[in-house]
Amino acid sequence: MASVVCNNCDEPHSAPVVTEDGSYGHYCPDIGFVPLDRTYLQAVLPDFPQVIDRLADAFDCRQRKISALHGQTWRIGSVETASEPVMLYFHPTLQSEDEARDLQNALGREVRSEWRLVVTSRGTLPMAELVAVRLDDLVEMDVETGLLRGVSDPGTLAGVPRRNPGGRPSAYGPVISRLIEERINNGQAVKGRNKEAEAVLNLYLQRNPDKSAPSLSSVKEYVTKLRTGQ
Ligand SMILES: [Zn+2]
């Protein structure tokens, strides 16, 4: 997660912190490897816009906001879950009453979503009508790419009741799952869940021009299930 804002060139930009020959630094497209002092690294603030951006990418969020709502509260955006959409928020830490108040204050300025989930790095102070989880309960970092990926369903964490429990499994399940896997194996799968569902549905329609087809939203559910392993 550690990244810094490069001030060494004309255009300030975010860059992940990397190691080279045992020293920490970051890469700048203009001047190359820029070493960073370890003590500076410990003092530097996390690059929150990038954290929010990666969290939003991990869950394909809509309505993300690139600046803080108020104080230290950020809106990551709305994530589609198997049942209801959940609005994700971020507050760096939730360990004190002051931090909880700062969060509540910021959320009071938002249009109230039915389901909300607050992500934080440390502490999950209990709050009325608000569920908070720690970052590592929700995402893990891919050590090769530095990208975040979801490890649990935000809907389940936020307490959204499951729709249609024990309902009849769709007849399309196996064939759609095979198409999704085929695209993954061929390296054709795209990052966005909506785009991928459209591509999978198109592939199905191409191959089964005479058969009935599942709805786009149910294809999206299969994509979600396969990606989150649920
Ligand atoms: Zn630079």
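Predicted model: local features only at pLDDT ≥ 70, side-chain atom pairs only at ≥ 80, totals over all residues.
**The zinc site**

Four residues supply the protein donors of the zinc ion: Cys6, Cys9 and Cys28 each through the atom SG, and His13 through NE2. These donors lie 2.1 to 2.4 Å from the zinc ion.

Along the sequence, the donor residues follow the spacing C-x2-C-x3-H-x14-C. Within this set, Cys9 belongs to the loop between β1 (3-6) and β2 (13-16), whereas Cys28 belongs to strand β4 (residues 23-28); the pair therefore ties together parts that are 19 residues apart in sequence. Cys9 has a relative accessibility of 16% and counts as buried, because buried means under 20% relative accessible area. Cys28 is also buried, at a relative accessible area of 4%.

The model holds 4 aromatic pairs by the rule applied here. Two of these pairs involve Phe48 and are set out in the table.

| Ring pair | Distance between centres | Angle between planes | Class |
|---|---|---|---|
| Phe48 and Trp74 | 6.2 Å | 45° | tilted |
| Phe48 and Phe90 | 5.9 Å | 55° | tilted |

Why are these pairs called tilted? Planes under 30 degrees apart count as stacked and those over 60 as edge-to-face, while the rest count as tilted. The planes of Phe48 and Trp74 stand at 45°, so that pair is tilted; the planes of Phe48 and Phe90 stand at 55°, so that pair is tilted as well.

Both pairs link parts of the chain that are separated in sequence. Phe48 is in helix α2 (residues 48-58) and Trp74 is in strand β6 (residues 74-79), 26 residues apart. Phe90 lies in strand β7 (residues 86-90), so its pairing with Phe48 ties together parts 42 residues apart in sequence.

**Glu196**

Helix α7 (residues 193-207) contains Glu196. Leaving aside residues up to four places away in sequence, Glu196 touches Arg183, Gln188, Ala189, Val190, Val223 and Arg227.

How values were computed
Residues numbered from 1 in each chain as written. Heavy atoms only, no water. Donors = N, O, S within 2.8 Å, 3.2 Å for Na, K, Ca; no water. Helix = DSSP H or I, 4+ residues; strand = E, 2+ residues; numbered from the N terminus. Buried < 20%, exposed > 50% of the residue type's maximum accessible area, 1.4 Å probe, protein only. Contact = heavy atoms within 4.5 Å. Phe/Tyr/Trp six-rings, centres within 6.5 Å; stacked < 30°, edge-to-face > 60°.
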